[in-house]
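Student: I've got a fold open on my screen and I'd like to learn how to read its helices and sheet. Can you walk me through it?

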Amino acid sequence: MIVDDHPLVLAGIRAALYETQFEIVATARDGVEALEAIPECNADVLILDVLMPRRGGLDVVRALHLRGDTRPVVLLTSGIGDADLLAALDLGVQGIVTKDSAAELLPLCLQHVARGGQWIEPTLLQRALSLARHGAMMDDRRARMTPRERIMAELVTRGLRNRDIAAELGVSEATVKVTIHRLFEKLGLQNRVELALMMRREGGDPHDERLDVTSSALGRMAEASMPGC
């Protein structure tokens, strides 16, 4: 079964699977339509677009798991984000293929999946491995931070100077300075800007206003990194 909201993509998949061992038994235009049709179709493998109206491919996979439906899923994507890529692997999808490569690689992917294997397009697999390693490194670095260091790191990220951090935490400015420099050494960082960027890029919620690293905040951090600040 193929689920995609673009007629041209459906036509392309039909062409790619023409005269292969695979037969298209059903199609749907979005996730809602797919979830209604899947129980009635005898598809051995589901091919789902990641981004669709109403319910996308990952949402469909989650809904199927809640139903106890564990049939193999291959995701098609025109450009999957890092979070969705990792989520897809966590959900145990058996295949991921980019639409640009589908004509050539989809039949190969389906062959692996039909034999009970998993096939992720190599460029996406390498990206996922890199993200996983990066996440493990970040988890390790954050685990090494004490609660006080994490609080100070967040305040640094907001662009506060040492004296402002001291006032907020009720400690001396000298204590703040020593703690932050020890934190640099522990995390292998050179300055406040690197610390802030690490927190924003790797550890913080991108929608958390407290960790919003604007140009002005970076400027304040650079000034605060100067001697005497």
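Student: Let's start with α9. How many residues does α9 have, and how far does α9 reach from its first C-alpha to its last?

Tutor: Bear in mind that this is a predicted model. Helix α9 covers residues 173-187, which makes 15 residues, and it reaches 21 Å from first to last C-alpha, close to the 21 Å expected at 1.5 Å a residue.

Student: Which residues of α9 are buried?

Tutor: Take "buried" as under 20% relative accessible area and "exposed" as over 50%. The buried ones in α9 are Val 176, Thr 179, Ile 180, Leu 183, Phe 184 and Leu 187. Look down the axis of α9 and these buried residues fall within an arc of 145°, so they line one face of the helix. On the other side of α9 you'll find Ala 174, Arg 182 and Glu 185, which are exposed.

Student: And what follows α9?

Tutor: Gly 188 does, and its phi is positive, near 70°.

Student: On to the sheet. In what order do the strands come, and is the pairing parallel or antiparallel?

Tutor: The general idea is that strands of a sheet pair through backbone hydrogen bonds, in either of those two senses. Here 6 strands form an open sheet, ordered β2-β1-β3-β4-β5-β6, with parallel pairing. At the edges stand β2 (27-28) and β6 (119-120), each with a single partner strand, so one side of each has no neighbour in the sheet.

Student: How many bridges are there between β5 and β6?

Tutor: Strand β5 (residues 95-98) pairs with β6 over 2 bridges, in the parallel sense. For instance, Gly 95 has Trp 119 in β6 as its bridge partner.

Student: Which way do the side chains of β4 point?

Tutor: In a regular strand the side chains alternate between the two faces of the sheet. From β4, Val 73, Leu 75 and Thr 77 point one way, while Val 74 and Leu 76 point the other way, and all are buried.

Student: What are the partners of β4 on either side?

Tutor: β3 is joined to β4 by 4 bridges, running parallel, with Ile 47 opposite Val 74. β4 also pairs with β5 in the parallel sense, again over 4 bridges, and the bridge partner of Thr 77 in β5 is Thr 98.

Key:
Residues are numbered from 1 along each chain as its sequence is written. This is a predicted model: local features need pLDDT of at least 70, side-chain atom pairs count only at pLDDT 80 or more; totals for chains, interfaces and linings use all residues. Side-chain values use heavy atoms; hydrogens and water are left out. The expected span of a helix is 1.5 Å times one less than its number of residues. Buried means under 20% relative accessible area, exposed over 50%, partly exposed in between (1.4 Å probe, protein chains only). The arc is that of the directions from the helix axis to the C-beta atoms. Two strands pair if DSSP finds at least two bridges between them.
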